[in-house]
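This report concerns aromatic ring contacts and charges placed over rings. The sequence and structure follow.

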Amino acid sequence: MKLTTVKFILQKLQADIPTMLLQVVQSKSSSPGRQGFQMLIANDGQLFGSIGGGIMEHKLVEFSKKKLAEKETTVELKFQYHDKIHTTQQSGMICSGHQVIAFFPFYKKDIGLFQKIEQSIEFRQSDYLSFSPKGLSIISKEKLTTPIGFYQKTKTDWSYLEKVNQQKVIHIFGGGHVSLALSEVMHFLGFYIKIYDDRENINTLEENIFCQEKHIISYDSIGTQLENCPNDYVVIMTFGYRPDKVVVKQLLGKEFFYIGMMGSKAKIKTLLAELEMEGFSKASYAHIFTPIGLEIFSKTPQEIAISIAAEIIRETNKVIL
């Protein structure tokens, strides 16, 4: 659950405005709403988020408004089929596949729950959210009894479990102009951004209002400070060829979901050749995306940032698909 989602709910509940959470707990095939998508419908008419858009979303928003007006307290589950084959539960869309949406009404009494969730996200705790017909609850990792995902036995016996903090983490080595542009793009994509540089008082790093953490460190110490992070993303774009190499050598044996390095083809060829001369095999760096980014003939920092973000989105969505 995103922090912005929690803050929206808290703002409404503290103003005594009931709010419905629409949670996509399962999705298949080309469903426009993917598992984990969330949407909020407040009783004052304000909307936040999306579960896929189109006529389906419009109908379910109206359904939620009706339930809030009736002061509904029960959790509901709806299947939505995106085709004309099914005789019931059609979404009105024909993109194929289906999605399952759970409806959770929240009232002023639920403020305490969302304050706990807010705290868990802000302190990056290893907690989980449990969705079920009984409602929404937050549980610690130590008390987990079911695996992550959606499980259903009957219409009234189902559960959905996800991490409280769904925010992806990206580590950017280098705080220059492209780093600033990339931070802005990744911020709007919902990433938690950590910047590392060995230079102090550089204006592009000082101007970076999009990252959550800034670290002025010696690149030689990266290997001891950054552990295996199999779900995290790494981008290497220091101020030069030599510091890039220092960082790369320390990260080669560590686990990351994505690691990319910026540089011209000539620079990259030289750097990799030197790694081989120093005893690193081609297999040890084969997973690195370099030169980084999709080939869109980008020139400006903003264009380069978009090409990198696009590559990261592609690699992330490969796993989801």
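The model is predicted: local features need pLDDT of at least 70, side-chain atom pairs count only at pLDDT 80 or more, and totals for chains, interfaces and linings use all residues. Residues are numbered from 1 along each chain as its sequence is written, and side-chain values use heavy atoms, with hydrogens and water left out.

Across the whole structure, a search finds 15 aromatic pairs (ring centres within 6.5 Å, taking the six-membered ring of Trp). Two edge-to-face pairs (planes over 60 degrees apart) are tabulated here.

| Pair | Centre to centre | Angle between planes |
|---|---|---|
| Phe-63 and Phe-103 | 5.1 Å | 75° |
| Phe-191 and Tyr-233 | 5.2 Å | 80° |

Because Phe-63 belongs to helix 2 (residues 54-69) and Phe-103 to strand 5 (residues 98-106), their pair ties together parts 40 residues apart in sequence. Helices (H or I, at least four residues) and strands (E, at least two) are DSSP runs numbered from the N terminus. Phe-63 and Phe-103 are both buried.

The charged end of Lys-78 sits over the ring of Phe-63, 4.4 Å from its centre (criterion: NZ of Lys or CZ of Arg within 6 Å of the ring centre and within 35 degrees of the ring normal). Arg-124 lies over the face of Tyr-192, at 4.0 Å from the ring centre.

Terms used: Rings of Phe, Tyr and Trp (its six-membered ring) pair if their centres lie within 6.5 Å; planes under 30 degrees apart count as stacked, over 60 as edge-to-face and the rest as tilted. Buried means under 20% relative accessible area, exposed over 50%, partly exposed in between (1.4 Å probe, protein chains only).
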